[in-house]
Amino acid sequence: MATILDLQEVRIVRGGVEIIKGISASFEEGSVTVILGPSGSGKSTLLKIAAGIIPTDGGRVFYRGEDFFHMSEEDNRVFRRQNGFVFQDGALWANRSIVDNLNLPLQYHFPDLSREEIAARVRESIARIGFQDNPQLRPAQLSGGERKMIGFIRALMTDPELIYMDSPTDNVDSAVAARIRRIVTDLKSKGKTLLICSHDRELISSSADNLIVLDRGQILAHGPFRDVLTGEDEKVKEIIGSVVDADSILGDDLLQLLSPDEDENPFLL
């Protein structure tokens, strides 16, 4: 598969402290990569660098071979239209309704769409998340899980090919989390490229092709899902064991193959 996104020695410095330390990583088109790491490891910052939201203090980021921090205005607009970002807190316009929040990306990226076409797409999206009866509610009138779901769907309004998700199932109830996982699975089946920060073992096990293990602004491991989970690096195993239940991700059959001694689980340290 072709490389859709390539990070080369990217760095972020805040207050004289390097919080992202020369990270390099490439992502193949149509793949799902999950970023794991303890709190404060730089996961959200790395995701925002990869999405072009945060400019770097060093290094370069390429989208389909073009450095998107040096794109023309028109190329940057195309890039923005072709990616979507699911923010951890939803990041909705507080003084706008559900309808207005979902209208925004279509109005901005597709100015030639008629009001009727935009309204039809928004109605379809609202039906998908179950807000048919109250689409004029504002974020303050919704639960945290509802706001997160609307932010999730808003990121998909332009049918992007590259989607970034920051902890999409955190701080929501089980029904909303299950709905989000189903949407992620559907996006994967359609060949979308997904970069996800998550410690949700169900989401990881059902969707991840590749894993990145991040700690203190550095990548400790990056590779195919099972290769990373079954690797021998002690620090990587420690971090995986601290943030997810590797037993649940790998499954009983594979664990038995990897760990004949039932009394010893190499992932729970």
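Contact here means heavy atoms within 4.5 Å. This is a predicted model, in which local features need pLDDT of at least 70 and side-chain atom pairs count only at pLDDT 80 or more, while totals for chains, interfaces and linings use all residues. Residues are numbered from 1 along each chain as its sequence is written, and side-chain values use heavy atoms, with hydrogens and water left out.

**Around Asp 215**

Asp 215 belongs to strand 9 (residues 210-215). Helices (H or I, at least four residues) and strands (E, at least two) are DSSP runs, numbered from the N terminus. Does Asp 215 sit buried or exposed? Asp 215 is buried, yet has no salt bridge. Its nearest side chain of opposite charge is Lys 235, 4.0 Å away. Buried means under 20% relative accessible area, exposed over 50%, and partly exposed in between (1.4 Å probe, protein chains only). For charge, Lys and Arg count as positive and Asp and Glu as negative, while His and the chain ends are not counted. A salt bridge is a side-chain nitrogen of Lys or Arg within 4 Å of a carboxyl oxygen of Asp or Glu.

Stepping back, the protein chain has eleven helices and ten strands. Of its 269 residues, 46% are buried. Among contacts with a separation of 6 or more, 66% are between residues 24 or more positions apart.

Two strands pair if DSSP finds at least two bridges between them. Within this sheet, strand 7 (residues 162-166) and strand 8 (residues 193-197) run parallel and are joined by five bridges. Tyr 164 stands opposite Leu 195 in strand 8. Axes are lines fitted to C-alpha atoms, for helices over the stretch in contact, and angles run from 0 to 180 degrees between N-to-C directions.

Another open sheet has four strands in the order 2-1-4-5, with antiparallel pairing. Its edge strands, strand 2 (17-28) and strand 5 (66-67), each pair on one side only. Two bridges hold strand 4 (residues 58-63) and strand 5 in their antiparallel pairing, and Phe 62 has Asp 67 in strand 5 as its bridge partner. Helix 1 (residues 43-50) lies across strand 1 (3-14), strand 2 and strand 4, running at about 125° to strand 1.

**The nonpolar cores**

A nonpolar core is a set of buried Ala, Val, Leu, Ile, Met, Phe, Trp, Tyr and Cys residues joined through side-chain atoms within 4.5 Å. Which residues touch the most other members of the largest core? They are Phe 152, Met 165 and Leu 211, in a core of 46 residues. Helix 6 (residues 174-189) gives this core its largest share, six residues. A second, separate core has 28 residues, including Ile 4, Ile 35, Tyr 63 and Phe 85. Leaving aside neighbours within four places in sequence, the contacts of Leu 211 include Val 34, Leu 36, Ile 204 and Phe 225.

**Charged pairs**

Side chains of opposite charge can pair when their charged atoms come close. The salt-bridge rule gives a count of eleven. Some of them are listed here.

| Salt bridge | N to O distance |
|---|---|
| Asp 67 and Arg 60 | 3.1 Å |
| Arg 64 and Glu 161 | 3.0 Å |
| Lys 190 and Asp 186 | 3.2 Å |

Salt bridges that share partners join Glu 29, Arg 64 and Glu 161 into one network. Asp 67 counts as buried because its relative accessibility is 6%, whereas Arg 60, at 43%, is partly exposed. Arg 64 is partly exposed at 39%, and so is Glu 161 at 22%. Lys 190 counts as exposed because its relative accessibility is 56%, while Asp 186 is partly exposed at 27%.
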